[in-house]
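Have the viewer open as you read.

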Amino acid sequence: MPPTEDNGPLDETSPHQPATPISFADLLFDSILMQQSRTKGKLHQDSRTQIDITYIVDAFKVALKTCSVDQVVAKVSTAATFGKALEDAKLDKIDHVRNYVVQRKGANGIFPKNMITIPDEKVLKHFWIPIADPPTSTLFEDSYAKAARQDMEMVALIMYQIRTQLDAETLHARDLNRKLGLAVDLFSPRYFGQRAFNKRKESEPSSNIPTQESKIQAAIDQFVLEMKKLQVHSATMPTYGLQGQLDLPTALVTDKVIDVVTTAADVLFKTQAPSERYIAQRSDLVQRIQKIIDSTYPGCQLRIEEYGSSASGLGSDISDVDLCITRDNFDRSEPYGNLENMIAALQTGGMTKVLPLLHTRVPIITFVDPVSRIDCDICCNEMIGVYGSKLIGCYARIDPRVKPLMYNVKALVKAHGINDASQGFFSTFAYMIMIIGFLQAQEPPILPSLQAQPRERVTEQFVQKDDGKDGQDIDCSFDQDVDRYKGFGAANTKPVGQLLIEFFEFYCRYFDYRSLEIDVHLGGFRTREEVSKRRALGHKELSTGHGEKKLYVVDPFTGRNVTGKCGASHLTQIWRTFQWVYCQLSQGHHQQALAPIPESYFRFEAQIIEHIQKQAANTALGASAPTFSMTT
């Protein structure tokens, strides 16, 4: 069998037994060069590419920040040691990088140093490296394979942050390491273990290699075994062309299964909800940041607002704190509107690991509070995000089932790596809107629309447009008095476990991705405007398997589609994941739903689905399906 994350490579090139010791800073430096060589090779036809000294400085700043992130420390126990090694190397300082490059003639031998050109050693602003061709890549990988396992793991985690933050790349799930999570697989021990394994297999007789047919059959057998555990009540539920013209069965879930899932969901919620200690630390942190702002801009009446999970009440003890500097009639032309001015203020105020990321879509400064060790982001006047977080938080407090449901969906999508909008998937905010819309559409409904209320009930709040276009400000008003809605969903007695199963069932069995949109402002689901116009003109309905497949999740304030950047391939991956989670939950397998999906299922999914479709036609039991309401 091929190597796993634990058993490593199978020949003498094992990364667990390094042949030539090399410092971690040197290894990371050469890895950055190799990544740039590969990336630029895909974009340009030139035989070489320019590396700016300032890029290396920024990359090492990101690396230092990564070594202190709690999630990284949890995966690599020696992360702090790596961070100290990077601090000692001082490659986040431009003069040190210049000296480093000149002394080593560009690199350390892991990236082939004889291929590097330094134009001017006296005034060094950049140097040249070759575009990665197969021989160059092989030379690098042969040298890199001698590094220690934890060095590789740390490089893989850092390279993810460099590629997404500095290079603004969109990485796909296939690029990531399943065990480490947000880590580039090409730099991980798993990749080099597989590389060694493949070399060994190349020398073995071909008769030992399983045929494609046997692999497909093994995958089918595995999935059929799972499906046979389900009772099904319908063989005609369309998936609306997401994966072709398919009919898949739906589960007949027993009361026992619902009880098991409800208990497991409640345990997860209580385990992940923030502790009183963390909440107190976060409150103290916000107060200290407010004092820093007040002393930096006295008399400006600036205030700190929280947004994200800490504002919505859906965070945990390891959550970052997202902060926003704002005030009434905020003016970005004033000194307080320039985020760069906050860098020195945060450092003077005692914050550590202060890192400006000012060229992203929303400029932020990241830093670490040395008292609580909480990671923080701070931005300027992004009030739509603040109001959106408050809206989610208000919905979460209306019914006691909402928050546990949200925590469980968050945990499940995170476990399967489909919760990162920067990678082309859905954001956490989008998933929360999907949950709210699902609960609004229940029969009877569990949640109201907090925006579709009489004007005297809502708290009026508007956001001034920053795009320079004329027009009305953005209306972010909604009813924040959640006490008036206590007991709103009491007529619907479904427990959390049943709602969790039906959430995934709804989005992989009932939701029509060709025509519907989720609009919590109006209270649930409705037909998209362009579809309504097509029907009004008497145009023919699209058949299953045709038409644009996108998920339309309407921003409750701006009206834009918050999942608009999720393309067909990523949407399909989300649907597949929902399908798998639904199958597991329907059997009462809450922990299995959180576990990685067998790779064989995705690899041979077309053949598996075709087989299941044929089998399902003979297993219908005729039970009724859940009902959902539509808004107009």
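Predicted model: local features only at pLDDT ≥ 70, side-chain atom pairs only at ≥ 80, totals over all residues.

Residues are numbered from 1 along each chain as its sequence is written, and side-chain values use heavy atoms, leaving out hydrogens and water. Helices (H or I, at least four residues) and strands (E, at least two) are DSSP runs, numbered from the N terminus.

**Helices α2 and α4**
- The axes (lines fitted to C-alpha atoms over the stretch in contact, with angles from 0 to 180 degrees between N-to-C directions) of α2 (residues 53-66) and α4 (residues 79-89) come within 9 Å and cross at roughly 150 degrees.
- α2 and α4 are therefore roughly antiparallel (over 145 degrees).
- In contact terms (heavy atoms within 4.5 Å), Phe60, Ala63 and Leu64 in α2 meet Gly83, Leu86 and Glu87 in α4.

**Helices α15 and α16**
- The axes of α15 (residues 402-415) and α16 (residues 428-440) come within 10 Å and cross at roughly 135 degrees.
- Val402, Leu405 and Met406 of α15 are among the residues making the contact, as are Tyr431, Met432 and Ile435 of α16.

**The sheet**
- Three strands form an open sheet with mixed pairing, in the order β15-β14-β16; strands pair if DSSP finds at least two bridges between them.
- The edge strands, β15 (524-527) and β16 (552-553), each pair on one side only.
- Strand β14 (residues 516-519) runs parallel to β16, joined by two bridges.
- Glu517 has Tyr552 in β16 as its bridge partner.

How values were computed. Parallel < 35°, antiparallel > 145°, perpendicular 65-115°, else oblique.
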